[in-house]
Amino acid sequence: MLRLIQKWLKAGVWEEGVVTEPERGVVQGAVISPLLSNLYAHYVLDLWANWWRKRHAHGTMIMVRYADDVVFGFQCYRDATRFLHALKARLARFALQLHPTKTRLIEFGRFALANRQRRGAGKPETFTFLGFRHICDRTRNGKYKLRRNTEKKRMRAKLQEIKDTLRWHWHKPIAEQGAWLGSVVRGYYAYYAVPTNERLMEAFRQAVKGVWLRTLRRRSQRHRMPWERLERLADRWLPKPRILHPWPDARFAVKHPR
C-alpha cells in the first residue's frame, strides 16, 4: 500500500503534452489527493481540536469539517478567540495556514439576533459552507430559526453550465432536451432541497425555463415557441421543487428498539 501511495504522489500532471512532476505535497486533482488530505487533516486538526475542547474550552464547542472546509462553533467568545490563536500556531507547525479572506470570527446563533439588536450592531453576519449561505432568522412566532439558502455563485455557475450544454445540443429533439434538463434539475434538488430553501429552488427552476426558452427560440429566426407552450413542456419534464431533506433534529433523531 505504501508503494502504491508513493507512485501516486510521483505520478505528475499532464498539461498540454507536458508532464510536470511535483517536488512536494499531493497532486491537485489526483485520485489519492482527497484521501491523503483527509488523513492529514484528521491527525493535524480533528484529533487536536477534540483535545483542545476537552482541555481548554469553558463552554460548548462544535466542529464540522468537510475536506479542507471547516466551521467551528463556540458558546463563549473567549473560547473562540483563544482557539483561533492556537489553531494558527498548530497549523504552522505542519506547514499549513488559514485562508486570510475566508477565515472570519462572527457572532452567530440563537442569541446573536437579540444581542446585536441590544448593542445596535444590526443583523448578524452570514457565512457560506458547502454551497449554502447560513442566515440567522426568526419564525412567525419569533423563535430562532437557521435559514439555509443556495449560494448564488453556485446557482449562477450551474445555470451557465446548462446554457453552455444546450448551446451545443439545441437542434436535438425537444423530448431529448427535456429529459436531460429534468435529470439535471432532479440532481440539483437532491442536494439543495433543504428546509427554508424553497424560494431559491423555485427561482432555479424558473431560470432553467428561461434558458430553455431562449435556446428553443434561437433554433430558427422565426420561432414559434410562446411562453405558454414552454410552460406545458416544463410541467411535463421539469419537476417542481419540494423539500427532500428533513430538519436536522429529525435527521439525527436516534431510535432504539428498546
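Modeller: Helices (H or I, at least four residues) and strands (E, at least two) are DSSP runs, numbered from the N terminus. This is a predicted model, so local features need pLDDT of at least 70 and side-chain atom pairs count only at pLDDT 80 or more, while totals for chains, interfaces and linings use all residues. Residues are numbered from 1 along each chain as its sequence is written, and side-chain values use heavy atoms, with hydrogens and water left out.

Biologist: Where does Thr 196 lie?

Modeller: Thr 196 is in the loop between helix 6 and helix 7, and its phi is near 75°, a positive value in a residue other than glycine.

Biologist: Is Thr 196 buried or exposed?

Modeller: Thr 196 counts as buried, at 15% relative accessibility; buried means under 20% relative accessible area, exposed over 50%, and partly exposed in between (1.4 Å probe, protein chains only).

Biologist: And Ala 95, buried or exposed?

Modeller: Ala 95 is exposed, with a relative accessible area of 74%, and its phi, near 60°, is also positive.

Biologist: New topic: which residues touch the most other members of the largest nonpolar core?

Modeller: Among them are Phe 204, Val 208 and Trp 212, in a core of 27 residues, where a core is a set of buried Ala, Val, Leu, Ile, Met, Phe, Trp, Tyr and Cys residues joined through side-chain atoms within 4.5 Å.

Biologist: Which helix gives the largest share?

Modeller: Helix 7 does, with 8 residues.

Biologist: What is Val 208 in contact with?

Modeller: Leaving aside neighbours within four places in sequence, Val 208 is in contact (heavy atoms within 4.5 Å) with Leu 159, Ile 162, Leu 181, Val 185 and Leu 238.
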